[in-house]
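The following exercises concern a single protein chain. Please examine the sequence and the model before reading each solution.

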Amino acid sequence: MKLLIKRTLFFLFSICFFPSFSFGQNLEDTLLLKNYEPHSIFNIQISNVKVAKYPVIDTHSHDYAKTDDEIREWIKNMDEYGIEKTYLLSCSWIGLPFEKFVEKYSPYKNRFAFCCSFDYTDFDKPDWEKRAIESLVKCHKLGAVGVGEMGDKGFGDLYGYPTEGRNIHLDNPKLKPLLEKCGELKMPIIIHIAEPIWMYQPIDRYNDGLINASKWKVDTTQIGCLGYEQLMKSFENAVAANPKTIFIACHYLNMNQDLVRLGKLLDKYPNLYIDIAGRMAESSCTPRATRSFLIQYADRVLFGTDNGTTKEMYRNILRILQTNDEHFYIPDYNYHWYYNGFNLPDKVLKKIYYKNAKKIFH
Ligand SMILES: [Zn+2]
């Protein structure tokens, strides 16, 4: 009898609170995770950020514009949101020699700055360093303000141009003369090391960033591929061995999961900086920890986007940095986390937006 009452009560409860349950359909069993797109229901502050509070130097972008019209459209968007200057980082995928790359933007060169790549052609030949330095100096004379984006996700600097630096990691002894030369020429090294930690963890139900992690998973079982810790070590070796060269680790050094560790590295190496490009999702999900970090290390953080040229992109990033908005959704970044604003103090915004960039780029 007791059991019957219990079952009846459970049935009534199910109808009231889980209507789908009672009709044999259970959405949680059929809805694909990739299709889950909840809309926030909260009646809370929604800021309409119209412009950056202070002029912005975007130190991490790429050659996204395909035509002159697209460059002009981009500049219009920059103007609207207060982006004074955008640094275009060279990357193997641009497929243009540095001079052509600069030429493409030359009518607008007061709005863009350029970084070049190391030339790894004939890396195994004995006089490679000499030729690579000549190529670096040539780019510097053409206006290169830094070297990057270098990118080592395990197999060396695969962003090199015209030849990728396969299996050449930043602490390779042959790179030392180039890194020193960069220090001498006051050209920061801008490098993407590893990937967010979710991409190295098992792709299973416990993976905190599952959707993005499964797309960008790093397979460290491939022969020759360095893992996350080995990459961090190779990076740290180079930063430690070249104190007169400035290193900008892109994307919070892909260390959003441990800002205490990142802070310790910044404490240890005064020549180390980070940019915040392309890691809005990974930082905005921990707004209080990230805000404290950005305030504490405000002198070492650079603004960057790495995310195209649209107005929405600028608006989203500024909203995260400038407002106290919470629990808002930006589908583009493909995590199922809500976004939250950092509401950074003006003093911090000024440093991140332009002061630090003006200090380290010449
Ligand atoms: Zn990039």
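Buried residues, those with 20 or more other C-beta atoms within 10 Å of their own C-beta atom as placed from the backbone, make up 41% of the 362 residues in the protein chain. The model is predicted: local features need pLDDT of at least 70, side-chain atom pairs count only at pLDDT 80 or more, and totals for chains, interfaces and linings use all residues. Residues are numbered from 1 along each chain as its sequence is written.

**Exercise 1. State how many helices and strands the protein chain has, and give its extent along the principal axes.**

Solution. The secondary structure comprises 14 helices and 10 strands; these are DSSP runs numbered from the N terminus, helices being H or I with at least four residues and strands E with at least two. The C-alpha trace spans about 90 × 50 × 40 Å along its principal axes.

**Exercise 2. Determine which residues of helix 6 are buried and which elements cover them.**

Solution. The buried residues of helix 6 are Ala132, Leu136 and Cys139. Seen down the helix axis, these residues fall within an arc of 60°, so they line one face of helix 6; the arc is that of the directions from the axis to the C-beta atoms. On the other side, Lys130, Glu134 and Lys141 are exposed, that is, with 12 or fewer such neighbouring C-beta atoms. The cover over the buried residues includes helix 5 (98-105), strand 3 (112-116), strand 4 (144-152) and helix 7 (176-184).

**Exercise 3. Describe how helix 6 packs against helix 7.**

Solution. The axes, which are lines fitted to C-alpha atoms over the stretch in contact, with angles from 0 to 180 degrees between N-to-C directions, lie 9 Å apart at an angle of about 25°. Helix 6 is therefore roughly parallel to helix 7, a term for angles under 35 degrees. Glu129, Ala132, Ile133 and Leu136 of helix 6 make the contact with Pro177, Leu178 and Lys181 of helix 7; contact requires C-beta atoms, placed from the backbone, within 7 Å.

Conventions. Two residues are in contact if their C-beta atoms, placed from the backbone, lie within 7 Å. Angles under 35 degrees count as roughly parallel, over 145 as roughly antiparallel, 65 to 115 as roughly perpendicular and the rest as oblique.
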